[in-house]
Amino acid sequence: MKNIFYKPGDGWVGDTIPFAHDGKFYIFYLHDERKGNTEDEYGYRTSWNLLITEDGVNIEDCKVVLPVGGYDDADYACYTGSVIEGNDSKFHMFYTAQNNYNPKYHRNGRPLQYVAHAISEDLIHWEKLPELTFGADESIYEPFDWRDPFVFYNEEEECFDMLLAARLQGASEKNGGCVGLCRSYDLIHWKAMQPFYNPKSYMTHECPDLFKMGDKWYLIYSTFSEKFVTHYRMADKISGPWTAPIEDTFDARAFYAAKTAQAKDVRMAFAWVPTKRGDSDFGQYEWGGNLIAHEIKQDKDGKLKVKPSNGLTNIFEKEITANNIEDIEIKNNEGEKVYVIEGMKETCLIEATIEFCEGSRAFGIGLRQDKDFANGYYLRFEPFYNRIVADMWPRRISGVNQWYVDGDKPFMVELERPFDYKALEENKVNIKVFVEGSIICLYVNDTVALTMRAYSTERKYWGFFVKDGSIRVCDIHMYETK
């Protein structure tokens, strides 16, 4: 059976660096074997590995294409960057070089970060050019956050520009991060410029990405200070001003460090679903995990939405609930009422349309439930709060005292998606839920995504619920992979 959310057999997927060529996605990624010295040391000496795919699901694994350097090299670890085709008919890779262990590459006990350069003629075999490695211009930027170079050709200025996750000299730790800028006319010599984007809002803007769709420009970056999430900003010109839509993210906590590429007429956002420590619902989120991809589409007003890729949907061909489940009506004026279905598969796609009456407090789908619908996972729609949330029960490891149920956290607070119910033409939502192993990914109306980890796979019941209201569920289908 094909993996839906890719993970290498000998490691985990970290930051992705997608590049489109000949109608295919070349997904470079930071390959983490988690061989650090402590349980908190992730991203230890990551190489760049390469996956090639046309649809994000059918994947050719090319393994390591950029190995890490040695103890005396700046790139003892190779971190995020970008790939571009130069005017010399060669491909140029720009990546972050960091050496956490050799004092030669430290200052005041902290590792310095550098931009490193490699070239290739086929995107698979790369030659490092260590003589072109450079650090931050410290008249503008500090040298410890100088990473994730994204290089593109600026047609307006007729030059190559490089965006970086950077920090201004003397800026505060809380909100001193910016999207730095360097400029070149030959991809060899680079000059530091004033920041490309500096909202004074975050500790750092990781994994910057830039693209144009229609007549709009989009700036993508990820943050971890306000919350772990990938943001986007939009502008009419590459020079800005950059504005934030009300909903400025693609997903929630379990979709991080997204970067995009467009092959043919499809633009995809590739990211990783973080694992949790101890493979437990109650563990802390970790760095790296499984590959995940959302297809990006543009609304008439320029805002970005996401949907499942055709490749993801097409691998589910075997329907296993045909003619088994009729339309469901759950009417309830007070409290919660559920409809329980037996036969939850570990890997499946569930589709349904949920119609809800005006004033319904909450409704949704429960997954991997016990037969009483009392323990499991919940994807819940809450019209009163204009949001979709993920929840589970129990919410934490059980204890003696009643507050151990975490009642002060009414859902998994890091897994919340704003949703405008008033904008719906009818009071109904179409849902697609993709499940594989410990990953659950919900798409709503092919516009909103919510991804979560769910490690308990032994419970085999699922179904629908409503609280203080009524719903009708129709067009219910469950599919397995072919």
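**View 1. Proline 241 sits in the loop between strand S17 (229-235) and S18.** The model shown here and in every view is predicted. A cis peptide bond joins glycine 240 to proline 241. Its omega is about 5°. Most peptide bonds are trans.

View 2. Proline 394 belongs to the loop between strand S27 (387-393) and strand S28 (416-418).

**View 3. Strands S18 and S19 form a hairpin.** Strand S18 spans residues 256-263, and strand S19 spans residues 266-276. The pairing is antiparallel and runs over 6 bridges. Threonine 260 has alanine 269 in S19 as its bridge partner. There are 2 residues between the strands. Lysine 264 lies in the turn, with a positive phi of about 60°. How much of S18 is buried? The count is 7 of its 8 residues, so the strand is largely enclosed by the rest of the structure.

**View 4. Glutamate 295 is a buried residue of the predicted model.** Its relative accessible area is 14%, and the cut-off for buried is under 20%, so glutamate 295 counts as buried. The residue lies in strand S20 (residues 285-298). Which residues does glutamate 295 touch, leaving aside those up to four places away in sequence? The contacts are Val266, Arg267, Met268, Lys305, Val306, Lys307, Pro308, Ser309 and Asn310.

**View 5. Four strands make an open sheet in the order S11-S12-S13-S14.** Pairing is antiparallel. From one strand to the next, the twist averages 30°. Strand S13 (residues 177-184) is joined to S14 by 4 bridges, and these two strands run antiparallel. Cysteine 182 stands opposite alanine 192 in S14.

**View 6. Five aromatic residues form one cluster.** The members are Phe224, Phe228, Tyr256, Trp272 and Trp287. A search of the whole structure finds 34 aromatic pairs. Phenylalanine 224 and phenylalanine 228 make a tilted pair, 6.0 Å centre to centre, with 35° between the planes. Phenylalanine 224 has a relative accessible area of 27% and is partly exposed. Phenylalanine 228 is also partly exposed, at 33%. The ring of phenylalanine 228 carries a charge over it: the charged end of arginine 253 sits 3.9 Å from the ring centre.

**View 7. Phenylalanine 363 and phenylalanine 381 form a stacked aromatic pair.** Their centres are 5.2 Å apart, with 5° between the planes. The pair links distant parts of the chain, 18 residues apart. Phenylalanine 363 is in strand S25 (residues 362-369), and phenylalanine 381 is in strand S26 (residues 376-382). Are these two residues buried or exposed? Both phenylalanine 363 and phenylalanine 381 are buried.

**View 8. The charged end of arginine 45 sits over the ring of tyrosine 76.** The distance to the ring centre is 3.7 Å. Arginine 45 is found in the loop between strand S2 (24-32) and strand S3 (47-53). At 25% relative accessibility, the residue counts as partly exposed. Phi of arginine 45 is near 55°, which is positive in a residue other than glycine. Most residues other than glycine have a negative phi.

**View 9. Aspartate 475 also has a positive phi without being glycine.** The value is near 50°. Aspartate 475 is placed in strand S32.

**View 10. The largest nonpolar core of the predicted model has 73 residues.** Which residues have the most contacts inside this core? They are Leu379, Ile431, Trp462 and Phe464. Strand S32 (residues 461-481) gives the largest share of the core, 8 residues. A second, separate core has 28 residues, including Leu66, Ala97, Leu123 and Trp126. In soluble globular proteins, nonpolar side chains tend to be buried together.

Terms used
Residues are numbered from 1 along each chain as its sequence is written. This is a predicted model: local features need pLDDT of at least 70, side-chain atom pairs count only at pLDDT 80 or more; totals for chains, interfaces and linings use all residues. Side-chain values use heavy atoms; hydrogens and water are left out. A nonpolar core is a set of buried Ala, Val, Leu, Ile, Met, Phe, Trp, Tyr and Cys residues joined through side-chain atoms within 4.5 Å. Buried means under 20% relative accessible area, exposed over 50%, partly exposed in between (1.4 Å probe, protein chains only). Rings of Phe, Tyr and Trp (its six-membered ring) pair if their centres lie within 6.5 Å; planes under 30 degrees apart count as stacked, over 60 as edge-to-face and the rest as tilted. A charge sits over a ring if NZ of Lys or CZ of Arg is within 6 Å of the ring centre and within 35 degrees of the ring normal. Contact means heavy atoms within 4.5 Å. Two strands pair if DSSP finds at least two bridges between them. Axes are lines fitted to C-alpha atoms, for helices over the stretch in contact, and angles run from 0 to 180 degrees between N-to-C directions.
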